[in-house]
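I opened a new notebook page today. Here is what I looked up, entry by entry, and you are welcome to read along.

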Amino acid sequence: MQDSHSPSADFSGLWIPLVTPFRDHAVDHAALAALAEKLAATGIAGFVVCGSTGEAAALDEDEQLAVLATVARAAPSLPRIMGLSGYHLGKTLAWVRKLAGRDLAGLLVPAPNYIRPSQAGLVEWFGAIADAGAAPLLVYDIPYRTGIAIERETLLALAAHPRIRGIKDCGGDMAKTRALIADGRLQVLAGEDAQMFATLAEGGAGAIAASAHLRTESFVQLLRLLAAGRLAEARAAWRPLLPLIEALFSDPNPGPLKAAMAAQGLMQDELRSPMTRVPPERLGRLLAALGVVNRP
């Protein structure tokens, strides 16, 4: 087994979980490339491709590989984490093996949705996926999507695996977050945008934040201030970002985010069903809250 406990397996800093632009029901690769190139210049750590913000559940495998290739061409110097999900272990392992040659910094893996296995089953699930892949694995703890919480003891057991290196923490349990930070074996990344300040102030390694598509440099600066322990300055930088985060999650993500970027001319305001656009009666209030002027 390859040992991924190496300096290259570092998930600290700010990662952008990229949206997937669409135009006329197809992936808009030109808009995606332009977005990746634009964000790459802001000081972010890297990209998460085909996560929930990227509507990966609505993309087939060929589309996901094409999206990954576009991001790699547009921003070759930045590392890429690939999101994956599912509940059929055999198919998931086959997909992991197919991704093995794609020059990935990591795989972002949630618990299997729908099944709600035991904690022992979760250890088997994550262990098998980590064994099958060449890239380090980040556990995605997000009970409101998967239906199962990954318990503290389970995460600490998973931390012993040489390829399991971090966690995207959407579990909503600050005591568990603190325990993982104190243990030190997993890099803890805030996965809920509104919890970013608290997680980083407690010693978390970074964040995967959809909101940071907008005002990206401000989010980058926030993380730098927190990493340096400059809490008073970090608080001053954080407060203006809270209304942005609240507005971007006023409807299911990435609806508000795509609406905001469409208003800026960066992409079409298009999502794949069952995701829906922000309703017209709320769109004006959303854009006003974000300080975005709708381009004609």
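**Entry: aromatic pairs**

I looked for aromatic pairs and the structure holds three. For my search, rings of Phe, Tyr and Trp (its six-membered ring) pair if their centres lie within 6.5 Å; planes under 30 degrees apart count as stacked, over 60 as edge-to-face and the rest as tilted. I picked Tyr 87 and Tyr 114, whose ring centres are 6.2 Å apart with planes at 45 degrees, so this pair is tilted. Tyr 87 sits in the loop between strand 5 and helix 3, and Tyr 114 in the loop between strand 6 and helix 4 (119-132), so the pair ties together parts that are 27 residues apart in sequence. My helices (H or I, at least four residues) and strands (E, at least two) are DSSP runs, numbered from the N terminus.

I also checked accessibility, where buried means under 20% relative accessible area, exposed over 50%, and partly exposed in between (1.4 Å probe, protein chains only). Tyr 87 is partly exposed at 48%, while Tyr 114 is exposed at 72%.

**Entry: ground rules**

I noted that this is a predicted model, in which local features need pLDDT of at least 70 and side-chain atom pairs count only at pLDDT 80 or more, while totals for chains, interfaces and linings use all residues. Residues are numbered from 1 along each chain as its sequence is written, and side-chain values use heavy atoms, with hydrogens and water left out.

**Entry: salt bridges**

Next I searched the whole structure for salt bridges and found eleven. I counted one where a side-chain nitrogen of Lys or Arg is within 4 Å of a carboxyl oxygen of Asp or Glu.

Lys 98 belongs to helix 3 and Glu 61 to helix 2, so the pair ties together parts 37 residues apart in sequence. I found Lys 98 partly exposed at 40%, and Glu 61 partly exposed at 39%.

I then turned to Arg 272, which forms a salt bridge with Glu 63, the closest N and O atoms being 2.8 Å apart. This pair links distant parts of the chain, with Arg 272 in the loop between helix 12 (255-263) and helix 13 (280-290) and Glu 63 in helix 2, 209 residues apart. Arg 272 counts as buried at 16%.

Arg 80 is in strand 5 (residues 80-83) and Asp 103 in the loop between helix 3 and strand 6, 23 residues apart. Is each of them buried or exposed? Arg 80 is buried at 6%, whereas Asp 103 is exposed at 61%.

**Entry: pockets**

A volume is the space filled by probe spheres set on the points, with grid points joined across faces, edges and corners.

The largest pocket holds about 930 Å³ of space. It is lined by 34 residues, and the closest to its centre are Ala 56, Ala 57, Ala 58, Ser 85 and Gly 86. Helix 3 gives the largest share of this lining, three residues.

The second largest pocket has a volume of about 200 Å³. Of its 19 lining residues, Tyr 144, Arg 145, Gly 191, Phe 249 and Asn 253 are the closest to its centre.

**Entry: cavity**

I counted one cavity of 30 Å³ or more. The largest cavity has a volume of about 40 Å³, and among the residues that line it are Pro 17, Leu 108, Tyr 140 and Lys 168.

**Entry: cysteines**

How many disulfides did my search find? The search of the whole structure gave zero, a disulfide being a pair of cysteine sulfur atoms within 2.5 Å. The sulfur of Cys 50 is 17 Å from the closest cysteine sulfur, in Cys 170, which is too far for a bond. Cys 50 is buried at 3%, and Cys 170 counts as buried at 4%.

Key
1 Å grid on protein atoms, 1.4 Å probe; cavity = no way out; pocket = protein on both sides within 12 Å on 5 of 7 lines; lining within 4 Å.
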